[in-house]
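Please keep the sequence and the model in view while reading.

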Amino acid sequence: MVKFSKQFEGQLVPEWKEAFVDYWQLKKDLKRMHVFNANNEAGNVVKPQPAFARRLVSELRKLPLFGPDRHKDHEAIQVHKKLTISESRGVTYETELLEEFAYTDAAKDFFARLDLQLNKVNKFYCTKEKEFLERGESLKKQMEILLELKAALKNQRGRISSTNDAKDDSSISCSISCEEDSTRGAKVEEEQDQPQEILSSELERSQFRYSDSGDSERAQLEEVNLRSLSARVFSCQGKNLKIKIPLTTPSRTFSALAYLFVEDFGGGQARKCGPHKLNINKTKLHHAEKMIKRAFIELYKGLNYLKSYRTLNMLAFVKILKKFDKVTGKEVLNIYLKVVESSYFNSSDMAMKLMDEVEELFIKHFADDDKRKAMKYLKPHQRGESHSVTFFIGLFTGCFIALFIGYCIMAHIAGMYTGQSDTIYMETVYPVLSMFSLLFLHFFLYGCNIFVWRKTRINYTFIFEFAPTKELKYRDVFLICATSMTVIVGVMFAHLSLVARGYSSTQVQAIPGFLLLMFLIVCFCPFNIIYKSSRYCFLRVIRNIILSPLYKVVMVDFFLADQLCSQVPMLRNMEYVACYYITGSYRTQDYGLCMRSKHYRDLAYAVSFLPYYWRAMQCARRWFDEGETSHLINLGKYVSAMLAAGAKVAYEKENSAGWLALLVVISSAATVYQLYWDFVKDWGLLQLNSKNPWLRNELILRCKFVYYLSMALNLVLRLAWLQTVLHYNFASLDYRVTSFFLAALEVIRRGHWNFYRLENEHLNNAGKFRAVKTVPLPFHEVDQD
């Protein structure tokens, strides 16, 4: 059975870690008391009564014969409530020891810490509950506005269709007025008791914020204009509103830029005066509805976290009090537990009521009164693990090993991977095998990372924000790797057998290309087979990376982009294979056609630093969103890597002493930069004032030597680029095989890096992820005086 401390650590919300009960410190206090008790038992210093005697006395004390006052006199502790001006409902708790303990100072310290933890939990729960209640009220208002606008749009379409003027993109027509006019006329409209409604179509990346009247309102609107579609006001539907759709997708970003361009160069005269027409169509309402739906999902998730926070802390109090009774022989569990049960965090039901309301609203408005459909969004269930997965992992692993041994024997007999190997085979087939091998080696290491993260209780699913339906468990990853490599090596074995027998037809040479095409078809397959949800999630993240910085960057985006930085050799092989088969060179076996093309050589530069470019753009986007200079410093690291990659490609092309010197200088500087960032920023190590020499204060692995060994290993693997300078070959192996081994070492370094990166996130929230995202809401009410 898993110890409660391990279970507690694995289930807590990492961002709220400091707000949970410090169960481990309380256990240390009890351990000191236990040691004190053991050291003094020989001297007859207050021995605890036997368990049976304690229970008998405890039951007798409850009898009416002793009376309530006499029972109170025999209690070990008494917990006092103190009214204070604080965020925890003005109540704090303080424990008084009524009986003489053998270790009074230790007991006082224990209960002082326990009271501190209870007050901390109450305060945090009250704060979070208040935050979620405010979000809930705001969301209810947003929902009401959305329903009113949808009803108005429906009525408008009905009136238009009745006059035979219906169009496909019907909308609510609203009159626009200048900001000065609307501000000036606000008081008149107020006197007439006809409040003018203002809707401004605005794309903005930040959360909605209230606007002031008069000059401050105009200044704020001008500032918003820089990052919005429009800050103009117009009247519609009887309320003063704005619609804000965040810049989260490229289409919205380009629409915002296009609108600003029109505003600057073609719409200047339109601002000056007079009413104008603007349509609030169903597309805008659809975007607003999606934002509100997402906000409901995030709020429900946050309320679930708060519910889990309450449950885990309650269990922690019960467990630690039981341990105290066991160590001291005192009966304090029932006394203190009554206080905990009546405390605010356990007795308040407002968050749970809000949770029920959110569920009802979501079912009614977003799931067509289908509770099962709503729960797929609000509380998706995890896929169960099957023993058949383990069986097939073993089956395909055995098949892969057998086929790989056969392939190696045949390749050795044919002399394919030596310096005197078949040039055509090495130039055409080997890049395909190398590309797939590096890809699935990386995927296999990811499976190993998942296994280790689970064993060390690193909450990787929370950090990556994986939905339970899209998360791949380590068994699933191993199954995909074993199956894929079995198919790849099997096809390569069949192809090598045909080549060794003298077959050189176009059909035989097309086999590696057919293998690549088959994997692309599986990857983009629209049918619900072969982990469709996970495949599409992966493709969506790849899309976000490629289109950086147009998409907002989340943890999984820059984590996968970092993986691509270690797969530059794979991307270059993919470039060559694509060129070889698209140009039809496989028909003539003219493997040098791509190499002779100037466009191909120029593209090699781009492919070499594209992953670093994507990662640099992600850093730029995060700096733009968060405003922290550390992202700019991180951007510099990837710029240095881009320069090193470009120098390497130029040296391979020119092979001159000048390029060699430039490669050494740039690569050395980039390596030092990257090592510093790995150790200090990503891993959080090399802390001079830490209680663990040169390490963090908090570590997951007990053996500290592992961290020092990991830093040394990372340093060695970071220097693999020296092979480019030294040109060292192993025995008589082909230089391509040597390059493959070096590329594999970089992939292994990245897999090794992944564990410590997630450990730092879990312990210190280095990426500043949030348990519950603050989703911008579309409708913003504006007050005008």
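A residue is called buried under 20% relative accessible area, exposed over 50%, and partly exposed in between (1.4 Å probe, protein chains only). The model is predicted: local features need pLDDT of at least 70, side-chain atom pairs count only at pLDDT 80 or more, and totals for chains, interfaces and linings use all residues. Residues are numbered from 1 along each chain as its sequence is written, and side-chain values use heavy atoms, with hydrogens and water left out.

Rings of Phe, Tyr and Trp (its six-membered ring) pair if their centres lie within 6.5 Å; planes under 30 degrees apart count as stacked, over 60 as edge-to-face and the rest as tilted. By this rule there are 45 aromatic pairs. One of them joins Phe-20 and Tyr-309 edge-to-face, at 4.8 Å centre to centre and 70° between the planes. Because Phe-20 lies in the loop between helix H1 (4-11) and helix H2 (23-40) while Tyr-309 belongs to helix H10 (residues 282-328), this pair ties together parts that are 289 residues apart in sequence. Helices here are DSSP runs (H or I, at least four residues), numbered from the N terminus. Both Phe-20 and Tyr-309 are buried.

The ring centres of Tyr-125 and Tyr-344 are 6.3 Å apart and their planes stand at 70°, so this pair is edge-to-face. It links distant parts of the chain, with Tyr-125 in helix H5 (residues 104-162) and Tyr-344 in helix H12 (residues 344-347), 219 residues apart. Tyr-125 and Tyr-344 are both buried.

One aromatic cluster includes Phe-20 and Tyr-309, among them also Trp-16, Phe-124 and Phe-462.

Conventions. Helices (H or I, at least four residues) and strands (E, at least two) are DSSP runs, numbered from the N terminus.
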